Amino acid sequence: MATGGAQALANLAHGLRDLFFAPACAACGGAVEHDEFLCPACREQVSPPTEPSCRVCGLPGHSWHCPACAASPPAFDAARALALHTGPLAEVVRGFKYQRRYWLGEGLSRLLGTAPRSWWATADIVAPVPLHPRRLVARGFNQALVLARGLPGGQGPELAPRLLNRKRYTRPQVGLDPGARRRNVEGAFALAPAWQGRLEGAWVLLVDDVFTTGATVNECAKVLKQAGAERVEVLTLVRAVGGKS
Ligand SMILES: [Zn+2]
Ligand SMILES: [Zn+2]
């Protein structure tokens, strides 16, 4: 977490960038090259999840299935992330999501767009994890949808911004233990009426910002599988290790 002073400096740098169009690092406010959103020093601290990792949830340190996936297989078939949820990138993700820094979405969605084609290109449908309308109003945007828009369009899968709805308002997952996270989101999602009967045999890619325990995407995947989806995979920008944040 940046200190208050460092944060104030970063904010000032963003303000100046907006005024003079001089790009600044989204994490530290330092100088960036071209249209990068992180400076070389911050970029160096962005690390992809280490291999081997769980074949289902992607948890590093497991060569086949992690104990959680072996004991209780999730409803999704695989989950992958571009980077670990640590360091400057974690700061930027938090700033984007909780401090309403919408402009950070541009660099973050571009980063999501660097995911290997094999992770997303054969999906039929790409869908963001939805926000409850109340939270959408408070935040002003759905961070998962902003990220999903970073995947190249064209001949790729169809982006379905409203494939799923939140049926009820849930408290934020931050700070909850794995069991509480599961209970918090249980039954919270429903297929949008417009998609009823249209998912038979479909391959759906769910997009979100952070994968922590997978409780949220697991609930979404349950709904999609019940609606007939044949395969549900998850792509997140970052992966938290250690069950926090
Ligand atoms: Zn930096
Ligand atoms: Zn696993």
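**Close-up views of helix packing and the sheet**

**View 1. Crossing of helices α4 and α5.** α4 passes α5 in a left-handed crossing, meaning that the near helix is turned anticlockwise from the far one by less than a right angle. The contact (C-beta atoms, placed from the backbone, within 7 Å) involves Val-92, Val-93, Gly-95 and Phe-96 of α4 and Leu-104, Gly-105 and Leu-108 of α5. By class, these residues are 5 nonpolar, 2 polar and no charged, with Gly counted as polar. The model is predicted: local features need pLDDT of at least 70, side-chain atom pairs count only at pLDDT 80 or more, and totals for chains, interfaces and linings use all residues. Residues are numbered from 1 along each chain as its sequence is written, while chains are lettered from A and ligands numbered from 1 in the order in which they are written.

**View 2. Geometry of the helix pair.** The axes of α4 and α5 (residues 104-112) come within 10 Å and cross at roughly 125°; axes are lines fitted to C-alpha atoms over the stretch in contact, with angles from 0 to 180 degrees between N-to-C directions.

View 3. α4 (residues 87-98) lies across β1, β6 and β7 (231-239), at about 105° to β7. Helices (H or I, at least four residues) and strands (E, at least two) are DSSP runs, numbered from the N terminus.

**View 4. The open sheet.** Its 5 strands follow the order β1-β7-β6-β2-β3 with parallel pairing, where pairing requires at least two DSSP bridges. The edge strands are β1 (78-84) and β3 (158-159). Parallel strands β2 (residues 125-128) and β6 (residues 203-211) are joined by 4 bridges; Pro-128 has Val-207 in β6 as its bridge partner.

Methods. Contact = placed C-beta atoms within 7 Å.
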